[in-house]
Amino acid sequence: MQWWRDAVIYQVYVRSFADSDGDGLGDLEGVRTRLGYLELLGVDAIWLTPFYPSPMADHGYDIADPRAVDPAFGDLQVFDDLVDDAHDHGIRVIVDLVPNHTSSEHEWFRAALDSAPGSPERARYHFRPGRGEHGAEPPNNWLSVLGGPAWTRAPNPAGTGQSEWYLHLYTPDQPDLNWDNPEVWADMEKTMRFWLDRGVDGFRISAAHGMSKPDGLPDATHPAGTMVTDHAEDPRFDDDGVHEVHRLIRAVADDYPDSLTIGEIWVADDERFARYLRPDELHLGFNFRLAQAGWDAVAIRAAVERSLAAVVDVPARPTWTLSNHNLPRPATRYGGGAIGRKRARAMALVELALPGAVCLYNGEELGLPDAALPDEALQDPVWERSDRAERGRDGCRVPIPWEGAGPGYGFTDGTPWLPMPFEYSLLTVAEQLEDTGSMLSLVRRAVELRKTQAGFEGDGENLEWFGAPQGCLAFRRAGGTLVCALNTSSQPVPLPPGEILLHSGPIYEDMLPPDTSAWLQ
């Protein structure tokens, strides 16, 4: 059976997980030293965010060389040791694949800038003449996901005529690749085989709804500067040609038994989302409906039902996530403070009770909130590209507190690359590890039950829903016996019948059976 069907995958944001050399930046050796913790947590796999050579304009998603390790994170020997040790701990390793773009420091793009319009070097990217007088306006009205226009005017090589513009759906330091060019695919295959031959167990594909661009690069009817759109006419993403790219990726993965391809798919339409999960495309697709649902039982149930329905006609299992390095952390998103932490605890149990694969973002198991950072500490390119109107994603990327006091809280002996708030001192791994009432203990126990409790044995994607009081929901997996109940209201309610195996907060007398009349199957 495919190992990822009900896997718990743990996202390691490498630069914020553990620093082994005191420079304030997390690294691969730091991850290796914490594998015992990850084994104790019970995760099946780790997903490593980019550790490749990069100018770090977008914290590693601007890759200058996809088949090497940036010296800030280690080297290939350290990577190989990490993979071997992870496998010894029973943990698989997934790495990021970024097929939409390269860094502007990639040798291909440097060669393109030095070449004339129409050259083979420029054909690997999207170079176009500008519009208007002397080509002074961008080729179309597309906006960047991270703010500002999606086009930058390239320097004009001497004696080659009018300068051109190049496309970048993210920052100007991340020029988009032209996937109509066979050299682009050949190089991606080389990258995939390089890492699979080193023992990695699969790829998380960044912006898996990107890559392909519509013929002629037409103007957007509704120009948008975000990855998430509410309309199907956004020409920047989800072009039909992207599916051919995924067929090529899957063909390589199939040469390596048990290797996983899981895509980051920001596609709102369920039918179009499902197309990425056909038998010859991705094995799994991240959907973000649960992460986008507010603290409301109706919205949460709708998110679950839509996620289940989206995969009913494809071989993929559903996936669930509440956070990642681009989203506010649950403890903050659900209200912040004590109430946000309590709600995050409850939602962690809901997430881990659902059928399919679950992805936990590092620090989610600690109940970390987003950090409130001073302006001068912000590093996300969103901050400057929005003219400092949007604070960006740094708050959810602050390093993990392991133990002790600031400024490094066991993450580093030096100064962390983002400042760590004092409140993290109460949420360290050391503080929570032996506290049976902590968020860490709750998640550990939930992961354990997920693997050992007979109530989770129902393998179907369908859930059996119970009728529930207003503001509540309850379900069990089809074929299973375990019931998961969530109360999003402000009032205590009786629990549905059954033995209490795990709960996110205190159980009060007026919440216990036998008064179960409010819950009807």
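This is a predicted model: local features need pLDDT of at least 70, side-chain atom pairs count only at pLDDT 80 or more; totals for chains, interfaces and linings use all residues.

Me: What makes α5 roughly parallel to α6?

Reply: The angle between α5 and α6 is about 30°, and angles under 35 degrees count as roughly parallel, so α5 is described as roughly parallel to α6.

Me: Why are α11 and α14 called roughly parallel to each other?

Reply: Helix α11, residues 337-353, and helix α14, residues 439-452, pack at an angle of about 15°, with 10 Å between their axes. Since the cut-off for roughly parallel is an angle under 35 degrees, α11 and α14 are therefore placed in that class. Their crossing is right-handed.

Me: Which residues meet where α11 packs on α14?

Reply: On the side of α11 they are Ala-344, Arg-345, Ala-348, Leu-349, Glu-351, Leu-352 and Ala-353, while α14 brings Met-439, Leu-442, Val-443, Ala-446, Val-447 and Arg-450. By kind, the residues of the contact of α11 with α14 are 10 nonpolar and three charged, with no polar ones.

Me: Stepping back to the whole chain, why is it said to be as compact as a globular protein of that length?

Reply: The protein chain has 14 helices and 14 strands. Its radius of gyration is 24 Å, and the globule rule gives 24 Å for 521 residues, so the chain is as compact as a globular protein of that length. Taken along the principal axes, the C-alpha atoms fill a box of roughly 85 × 50 × 45 Å. Of the 521 residues, 57% count as buried, and among contacts with a separation of 6 or more, 67% are between residues 24 or more positions apart.

Me: How do you know that Gln-432 is buried?

Reply: Buried means under 20% relative accessible area, and Gln-432 has a relative accessible area of 5%, so Gln-432 is buried. This residue is found in helix α13, residues 429-433. Leaving aside residues up to four places away in sequence, Gln-432 touches Glu-365, Leu-366, Leu-427, Ser-438, Met-439, Leu-440 and Ser-441. One of these, Met-439, is also among the residues of α14 that meet α11.

Me: Why does Asp-375 count as partly exposed?

Reply: Buried means under 20% and exposed means over 50%, with partly exposed in between; Asp-375 has 38% relative accessibility, so the word for Asp-375 is partly exposed. Asp-375 is placed in the loop between β11 (357-361) and α12 (381-385). Not counting residues up to four places away in sequence, Asp-375 touches Trp-383 and Arg-391. The C-alpha atoms of Asp-375 and Arg-391 are separated by 8.2 Å, with the two residues 16 apart along the chain.

Me: What makes Gly-118 exposed?

Reply: The cut-off for exposed is over 50%, and Gly-118 stands at 75% relative accessibility, so Gly-118 counts as exposed. Gly-118 lies in the loop between α4 (107-113) and β4 (127-129).

Me: Are Met-211 and Asp-387 buried or exposed, and what is the phi of Met-211 and of Asp-387?

Reply: Met-211 has 1% relative accessibility, so Met-211 counts as buried, whereas Asp-387, at 70% relative accessibility, counts as exposed. Phi of Met-211 is near 70° and phi of Asp-387 is near 55°; each value is positive in a residue other than glycine. Met-211 is found in the loop between β7 (202-205) and α6, and Asp-387 in the loop between α12 and α13.

Me: Which residues does a cis peptide bond join?

Reply: The cis peptide bond joins Gly-406 and Pro-407, with omega at about 5°. Pro-407 is found in the loop between α12 and α13.

Technical notes
Residues are numbered from 1 along each chain as its sequence is written. Side-chain values use heavy atoms; hydrogens and water are left out. Axes are lines fitted to C-alpha atoms, for helices over the stretch in contact, and angles run from 0 to 180 degrees between N-to-C directions. Helices (H or I, at least four residues) and strands (E, at least two) are DSSP runs, numbered from the N terminus. Angles under 35 degrees count as roughly parallel, over 145 as roughly antiparallel, 65 to 115 as roughly perpendicular and the rest as oblique. The radius of gyration is taken over C-alpha atoms; the globule rule is 2.2 Å times the number of residues to the power 0.38. Buried means under 20% relative accessible area, exposed over 50%, partly exposed in between (1.4 Å probe, protein chains only). Contact means heavy atoms within 4.5 Å. A crossing is left-handed if the near helix is turned anticlockwise from the far one by less than a right angle, and right-handed if clockwise. Ala, Val, Leu, Ile, Met, Phe, Trp, Tyr, Cys and Pro count as nonpolar, Asp, Glu, Lys and Arg as charged, and the others, Gly among them, as polar.
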